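Please read the following note alongside the sequence and the model. The points take up confidence, helices and salt bridges in turn.

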Amino acid sequence: MSITQQYALDVHRARQHGEPLPPAPGANDWQLVRELRDRREFEAVLAGRRPARGRARHALGRLLHRLRPVRL
């Protein structure tokens, strides 16, 4: 069974049961690729293999801000 046939079957079943439709095949592929790249860059920064830049830098800044002790 191809991925298109499986998707058609899933849509049919969801409609019969009144459930929300599943996402179309490939709908979230680019988001997944971005998340994997960001994760790999973030882990490289934490391991000290490269400097932080872009979204990894902002994520690291947020993490460090949360871990910083509060001064009174």
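1. The protein has a mean pLDDT of 84, and 93% of its residues reach 70 or more; pLDDT is the predictor's confidence in each residue, from 0 to 100. This is a predicted model, in which local features need pLDDT of at least 70 and side-chain atom pairs count only at pLDDT 80 or more, while totals for chains, interfaces and linings use all residues. Residues are numbered from 1 along each chain as its sequence is written, and side-chain values use heavy atoms, with hydrogens and water left out.

2. Among the elements, helix 1 has the highest mean pLDDT (94) and helix 3 (residues 54–67) the lowest (77). Helices are DSSP runs of H or I with at least four residues, numbered from the N terminus.

3. Helix 1 covers residues 3–17 and spans 21 Å between its first and last C-alpha, close to the 21 Å expected at 1.5 Å a residue (1.5 Å times one less than its number of residues). Gly18, with a positive phi near 70°, follows helix 1.

4. The whole structure contains two salt bridges, a salt bridge being a side-chain nitrogen of Lys or Arg within 4 Å of a carboxyl oxygen of Asp or Glu. One joins Arg37 and Asp38 at 3.6 Å, N to O. Asp38 is buried at 19% relative accessible area, and Arg37 is partly exposed at 35% (buried is under 20%, exposed over 50%, partly exposed in between, with a 1.4 Å probe and protein chains only).

5. Glu43 and Arg39 form a salt bridge, their closest N and O atoms 2.8 Å apart. Because they are four residues apart in helix 2 (residues 29–47), about one helical turn separates Glu43 and Arg39. Arg39 is exposed at 51%, whereas Glu43 is partly exposed at 38%.

How values were computed. Helix = DSSP H or I, 4+ residues; strand = E, 2+ residues; numbered from the N terminus.
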